[in-house]
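Subject: Structure handover

Hello,

Here is the structure I promised to pass on. Please open it alongside this note.

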Amino acid sequence: MKFDVVFQNGTLVTATETIDADLGISGEKITAIGQNLPKEGAKIINARGKYLLPGGIDAHTHMEFPFMATTSADDFESGTTAAACGGITTIIDFALQKSGETLEQTAKAWRKKADGKVVIDYGLHMIIRDLNDRVLAEMKEMIGQGITSFKLFMTYRKEGLLLDDGAIFRVMEEAAQHHGLIGLHCENNDLIECLMSRYLKEGRKEPKYFARSKPPVVEGEAVHRAIRLAEYSGCPMYVVHMSTEMGAETICEAQHSHLPVYAETCPHYLVFTDDVYNRPDGANFVMSPPIKKREDQEALWKGLAKGEIKTVGSDHCCFTSEQKKLGKEDFTKIPNGVAGTELIIPVLYHFGVSKNRITLNQMVQASSYNPARLFGLYPKKGTLAVGSDADIVVFDPEKEIRLTRENLHSKIDHSIYEAHTVKGYPVMTFSRGKLVQENGKFTGEKGHGKYQVRNPFKESEGKQLLAPALV
Ligand code: URP
Ligand code: ZN
Ligand code: ZN
């Protein structure tokens, strides 16, 4: 057998295994894993001392996202370039339905923005913000086209995104019939509005009052309510960007009752605590839900270690310092969101694996295998196996990088991680066999990424998610 590329001397890490073996790729696929693979005519990559990981799947990005009187700064080219440089080989971006639009129109509009620009593969979730009978009927068609997951907002009423509980229930019922997965942004809108208007009346307009308007109960109550609605409708659900211990406990209870309830957290909740909102650049840390306390952060790490939190997605929705100034006089107007797609794997390794909070295999579960299973991409993606796409990361556990703006690839002018140096970093990224990043330099090309038609959610996929592995 002949290969285009052979990786030698590396350690292959999947969701369950860590083995020393050669890996061969031909064209866009992994075609062999074994000892002493033939090397004639192949490009040889000596991966001694390095890990080979399946490419990361960031199931939560917002590229070119029109939001809060502006649009997120990374377009599909710059955003996927940043992702590739951090070892991500697939993103799943959120297509946002405009008011009055059909889901078909939204999907087309999002494909038009992304195709030809993406440097790595991508899929789409659909945000439903304007529900009617026609939209409900279209959900089945969307699932058939590979958009198998839908995001609903329990907050952002003023931004025109909130769906009330009745509408959420109707969408869930429809998803349950056609094997869709419902993602929920869980925050109690009424409580947020009550606290925000109280602070504004008192003249408290700085970023720290944004965080204080969204205490843990805001998320905890909404996660609980969402689970009850999902249980009643018989629908599988996924809590996006979970930030609290209360949320994690509620998820864990639901899982113990054998409900198909899954959760994601994000790199920023695993690194920072809410004292960042006292900093002069506090606005740069404004995202929803906001960053919470040390105990919440520890609960999220524990949730990952126990397999209760299944995935880490970035919620990459970044804004420049200039855009953040839209809320200079009023914290409710700061565009919500931060960069992070480039840092999922480095954060999980440096703050997780190196600190014995999670194992290397659990890092792969959260960053690749579990999102592939939940979002209908497995086994094409999410593992290192013969027949899978050659989406491969060469990870150097010794490489140190300071996470300054200059060392990162997003378009924005700042990095919230500036003060942090991490040890362990992706030094090569292959997307379907093509080298797209080497030593921090982007080597890919615009338009290389392909749209991924994802498979419908099956409960059996949820069951394949790894059972709790204790560290
Ligand atoms: O602050 C955030 N998370 N911005 C993006 C929109 C969302 O809610 O995911
Ligand atoms: Zn959200
Ligand atoms: Zn988001």
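Below is what was found in it, part by part.

First, the ground rules. This is a predicted model, where local features need pLDDT of at least 70, side-chain atom pairs count only at pLDDT 80 or more, and totals for chains, interfaces and linings use all residues. Residues are numbered from 1 along each chain as its sequence is written, chains are lettered from A and ligands numbered from 1 in the order in which they are written, and side-chain values use heavy atoms, leaving out hydrogens and water.

Eight strands form an open sheet in the order 8-11-12-13-14-15-16-17, with parallel pairing. Strand 8 (56-61) and strand 17 (311-312) stand at the edges with a single partner strand each, so one side of each has no neighbour in the sheet. Two strands pair if DSSP finds at least two bridges between them. Helices (H or I, at least four residues) and strands (E, at least two) are DSSP runs, numbered from the N terminus. Strand 15 (residues 237-239) runs parallel to strand 16 (residues 261-265), and three bridges join them. V239 stands opposite A263 in strand 16.

The zinc site

Which residues are the protein donors of the zinc ion (ligand 2)? They are K151 (NZ), H185 (ND1) and H241 (NE2), at 2.1 to 2.2 Å. Donors are N, O and S atoms within 2.8 Å of the metal (3.2 Å for Na, K and Ca); water is not among the atoms, so sites may look incomplete. H185 lies in strand 14 (residues 181-185) and H241 in the loop between strand 15 and helix 8 (245-256), so the pair ties together parts 56 residues apart in sequence. Both H185 and H241 are buried, meaning under 20% relative accessible area with a 1.4 Å probe, protein chains only. The zinc ion (ligand 3) is 3.9 Å from the zinc ion (ligand 2).

Ligand 1

An oxygen atom of ligand 1 lies 3.1 Å from a polar side-chain atom of H62. A backbone N or O atom of S288 is 2.8 Å from an oxygen atom of ligand 1. For G337, a backbone N or O atom lies 3.4 Å from an oxygen atom of ligand 1. Taken alone, ligand 1 exposes 270 Å², and the protein buries 100% of that; the areas come from the Shrake-Rupley method with a 1.4 Å probe.

G79

G79 lies in helix 1 (residues 76-85). Its relative accessible area is 0%. Leaving aside neighbours within four places in sequence, G79 is in contact (heavy atoms within 4.5 Å) with M63, D74 and T341. G79 and C317 are 238 residues apart in sequence, yet 9.3 Å apart in space, C-alpha to C-alpha.

Best wishes

Terms used. Buried < 20%, exposed > 50% of the residue type's maximum accessible area, 1.4 Å probe, protein only. Polar contact = N/O pair within 3.5 Å; in protein donor to acceptor, adjacent residues only side chain to side chain.
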